[in-house]
Amino acid sequence: MKSIQVEIDKIYAPASTVTAADVAALRPEIERAHALVHSGEGKGSDFLGWVGLPSSITAAQLDEIQAAADGLRGVADVVIAIGIGGSYLGAKAVLEALGGSFDHLALPKKGSNPRVLFAGQNISEDYTWELLEAVKDYDIATIVISKSGTTTEPAIAFRIIRDEIERRYGKENAARRIVAVTDESKGALRKLADTEGYKTFVIPDNVGGRFSVLTPVGLLPLAVAGVDVRGLVAGAAEMERITATAPFDENPAMRYAAARTALYRAGKKIEILASYEPKLQNIGEWWKQLYGESEGKEGRGIFPASVTLTADLHSMGQYIQEGERTMFETVIRVAEPAHEFRIEADAENLDGLNFLAGRRISEVNRMAILGTMLAHVDGGVPNIAVELPRIDAHSIGGLLYMFEKACGISGYALGVNPFDQPGVEAYKKNMFALLGKPGYEEEGEALRKRL
């Protein structure tokens, strides 16, 4: 089976300041960073559990996840997955990549795969009200994902949705409709789950949220939705083997990390992840958290942005082509679409498209990809290409792991701890102070004066 390919030759264009020699010179450094990811001798080594995770997942573990998913599928038309950050982005990204493009237009019919909806990723009153309104005529269940159980956004959502489940089905029946993915032994959610008898899965202590999509955090909601989680894990395990053993020139994670490191040191401070398949839009959202939270610290790091093309060529395209030259582009390409659709000839040809008659839409899209790449390269935007054989569970699993591995390597090459996120606490302290949380009285008074 063809694997994911990473092509970096288009970062060496005349308008770029990076050469093949620059990337080759990084090889020893990238190999050392790669070794740190495996040895556990670098910063943040307590959070390297994701490195060998895909190959360590057993058939029994997948069976347990599937059994819990089947339990929820048996009682609910809609399962609400509650979480924020890494506790929902991975599942949402995979679900949208592998689901139907228009699944959102209607809630499921009786007997079909349950629809998985998301909550706890915002504090919007309208979103919460509209979610409950949308599911009022459907049987519901929930998966609540939180290591502590006290993170504000999912805690609020879970309180509301748990109350709705208990109101509808009775407190004595609620437990079969609630699954908690949380800490093994401590925290508010663990205590509640043990008290109420919820089925639980553990968030591993050595796997950070943004690396957790291949734990029950991501696999359980995906199994509920009918996604091929075994294929997803198998694809990730294959990429784990490739990136662990392949030499630099054949290692997609090391090549990607080396290219982006060279570009960053040459002054390219923004990376745009581009995809020409709308179903991959939320892969970009997951990727932004992965790299932004891993690299953006100590005044350093590449700023991650994303676009969906060709749509955004009609909005952001002008800036990418001719704006400030501080960016490079990583393009996800798909070698073969799942469906075939050809353009028909038209007798009048008023739109002038008869020159495309008989061609597949994917051929037009492919030429758009290649033409845009050349235009952007000529405009001073170096391009990296990541090509998937197809959009399926195996390829998406491999893509996720490749990005994770390259992120760890890139972070070590940058000189930061890729596995902590000290900056995310600042807004929480201010929010608690402004809300009057006990213990924050002085901070709240000071902030209100500033406002």
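Author: Just after helix α9, G197 takes a positive phi of about 80 degrees. The model is a predicted one: local features need pLDDT of at least 70 and side-chain atom pairs count only at pLDDT 80 or more, while totals for chains, interfaces and linings use all residues. Residues are numbered from 1 along each chain as its sequence is written, and side-chain values use heavy atoms, with hydrogens and water left out. Helices (H or I, at least four residues) and strands (E, at least two) are DSSP runs, numbered from the N terminus.

Helix α9 itself covers residues 188–196, and L189, R190 and A193 are buried in it. Seen down the axis of α9, these buried residues fall within an arc of 100 degrees, so they line one face of the helix. Buried means under 20% relative accessible area, exposed over 50%, and partly exposed in between (1.4 Å probe, protein chains only). The arc is taken from the directions that lead from the helix axis to the C-beta atoms. An α-helix has 3.6 residues a turn, so residues three or four places apart point the same way. On the other side of α9, K191 and T195 are exposed.

The buried residues of α9 are covered by elements that include β4 (140–145), α7 (152–169), β5 (178–182) and β6 (199–202). Two of these strands, β5 and β6, pair in the parallel sense over four bridges, where pairing needs at least two DSSP bridges between the strands. V181 stands opposite F201 in β6. Together, β5, α9 and β6 make a right-handed β-α-β unit. Right-handed here means that, with the strands pointing away from the viewer, the path from the first strand over the helix to the second runs clockwise.

Next come the nonpolar cores. A nonpolar core is a set of buried Ala, Val, Leu, Ile, Met, Phe, Trp, Tyr and Cys residues joined through side-chain atoms within 4.5 Å. In soluble globular proteins, nonpolar side chains tend to be buried together. The largest core has 96 residues, and M402 and F403 have the most contacts inside it. Helix α16 gives the most to this core, with 13 residues. Apart from that core lies another, of 19 residues, among them I82, A157, A180 and A193. A193 is also one of the buried residues of α9.

A119 is buried, with a relative accessible area of 4%. Not counting residues up to four places away in sequence, A119 touches I80, A81, I82, G83, Y127, L131, A157 and I161; contact means heavy atoms within 4.5 Å. A119 and Y88 are 31 residues apart in sequence and 8.8 Å apart in space, C-alpha to C-alpha.

Elsewhere, five strands form an open sheet in the order β1-β10-β9-β7-β8, with mixed pairing. Its edge strands are β1 and β8 (303–308), each of which pairs on one side only. From one strand to the next the twist averages 20 degrees. Angles run from 0 to 180 degrees between N-to-C directions, and axes are lines fitted to C-alpha atoms, for helices over the stretch in contact.

Strand β7 (residues 270–275) and β9 pair in the parallel sense over six bridges, and I272 stands opposite E329 in β9. Helix α16 (residues 393–414) packs on this sheet, touching β1, β7, β9 and β10, and its direction makes about 145 degrees with that of β10. Leaving aside its neighbours within four places in sequence, M402 is in contact with V6, M239, P252, A253, Y256 and V386.

V386 points the way of I384 and L388 from β10, while N383, A385 and E387 point the other way, and all are buried. Six of the six residues of β10 (residues 383–388) are buried, so this strand is largely enclosed by the rest of the structure. Three bridges join β10 to β1 (residues 5–7), and those two strands run antiparallel; the bridge partner of Q5 in β10 is E387. Strand β9 (residues 327–334) pairs with β10 in the parallel sense over six bridges, and the bridge partner of E329 in β10 is N383. Between β9 and β10 the chain crosses through helix α15 (residues 361–378), and this β-α-β crossover is right-handed.
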